[in-house]
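Have the structure open while you read.

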Amino acid sequence: KLLSSSTGASVSLAEFLQLLKEKRVCVIDVREHAELKKDGEIPSCVSVPIWELSKALVMDPYLFEHRYKARMPGKQVRIAFTCLAGIRGKTAMETACSLGYRYVSIYKGGWKEWAQQQKKRMINSLNKN
């Protein structure tokens with residue numbers, strides 16, 4: 001079900017966490033570099049600012065790897081886009097679809113939901129000790 005069509009799909013936090021755990025997805029964060037430095041990053045995400053995405057997804061794979069420090073996803077690879085709260089992620093998903101990527105998705109909760117969840121986990125962990 002997840003990431004199975006070119007029309008795109010939305011994944012919940014639970015689905016997103018499972019995909020990350022199983023390493024079944026390339027996660028691309030389309031926030032600006034300054035936002036990543038200021039707010040933080042979701043582990044194992046590839047950072048490609050939204051304004052670079054359409055060029056990044058068609059560049060030579062070697063250049064992609066050199067610029068973004070990650071392997072370029074092929075058109076048959078599952079990709080989940082994320083941003084701060086879902087708006088740019090939706091644009092990124094549409095861009096990828098228009099470039100022929102078939103297995104695309106958006107984690108709409110984005111950094112905001114991720115950070116809140118991590119904070120809750122930390123508090124729960126402290127309360128257990």
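Which strands does helix α5 lie across, and at what angle does it run to β5? Keep in mind that this is a predicted model. Helix α5, residues 87-98, lies across β1, β4 (79-82) and β5 (104-106). Its direction is at about 175 degrees to β5.

## The sheet

Start with the strand order. There are 5 strands in an open sheet, arranged β1-β5-β4-β2-β3, and the pairing is parallel. At the edges you'll find β1 (9-10) and β3 (46-47); each has a single partner strand, so one side of each has no neighbour in the sheet. As a reminder, strands of a sheet pair through backbone hydrogen bonds, either parallel or antiparallel.

Now for the pairings. Strand β2 (residues 26-29) is joined to β3 over 2 bridges in the parallel sense, and to β4 by 4 bridges, again parallel. Asp29 is a handy landmark here: it stands opposite Ser47 in β3 and opposite Thr82 in β4. Moving on, β4 and β5 run parallel with 3 bridges joining them, and Ile79 stands opposite Val104 in β5.

## β4 and its crossover

Which way do the residues of β4 point? Ile79 and Phe81 go one way, Ala80 and Thr82 go the other, and all are buried.

Follow the chain on from β4 and you get a right-handed β-α-β unit, made by β4, α5 and β5. Its helix, α5, is the one that lies across β1, β4 and β5.

## Aromatic pairs

How many aromatic pairs does the structure hold? There are 3. In one of them, the rings of Phe16 and Tyr107 have centres 4.2 Å apart and planes at 10 degrees, so this pair is stacked. Phe16 sits in helix α1 (residues 13-22) and Tyr107 in the loop between β5 and α6 (110-128), so the pair ties together parts that are 91 residues apart in sequence. Phe16 counts as buried because its relative accessibility is 0%, and Tyr107 is likewise buried at 0%.

Phe64 and Tyr68 make a tilted pair, with 4.8 Å centre to centre and 50 degrees between the planes. They are 4 residues apart in helix α4 (residues 61-68), so about one helical turn separates them. Phe64 is buried at 0% relative accessibility, and Tyr68 counts as buried at 9%. Back at the other site, Phe16, Tyr107 and Trp114 form one aromatic cluster.

## Nonpolar cores

Which residues touch the most other members of the largest nonpolar core? Of its 21 residues, the answer is Ile28, Val46, Val48 and Phe81. The elements giving two or more residues to this core are β2, α3 (53-56), α4, β4, α5 and β5, with α5 supplying the largest share, 3 residues. Another core, of 14 residues, lies apart from it and includes Leu13, Leu19, Val25 and Ala80.

Leaving aside neighbours within four places in sequence, Val46 is in contact with Cys26, Val27, Ile28, Asp29, Phe64, Tyr68 and Ala70. Among those contacts are Phe64 and Tyr68, the two partners of the tilted aromatic pair.

Conventions. Residues numbered from 1 in each chain as written. Predicted model: local features only at pLDDT ≥ 70, side-chain atom pairs only at ≥ 80, totals over all residues. Heavy atoms only, no water. Pairing = 2+ DSSP bridges. Contact = heavy atoms within 4.5 Å. Axes fitted to C-alpha atoms, helices over the stretch in contact; angles between N-to-C directions. Buried < 20%, exposed > 50% of the residue type's maximum accessible area, 1.4 Å probe, protein only. Right-handed = clockwise from strand over helix to strand, strands pointing away. Phe/Tyr/Trp six-rings, centres within 6.5 Å; stacked < 30°, edge-to-face > 60°. Core = buried A, V, L, I, M, F, W, Y, C linked by side-chain atoms within 4.5 Å.
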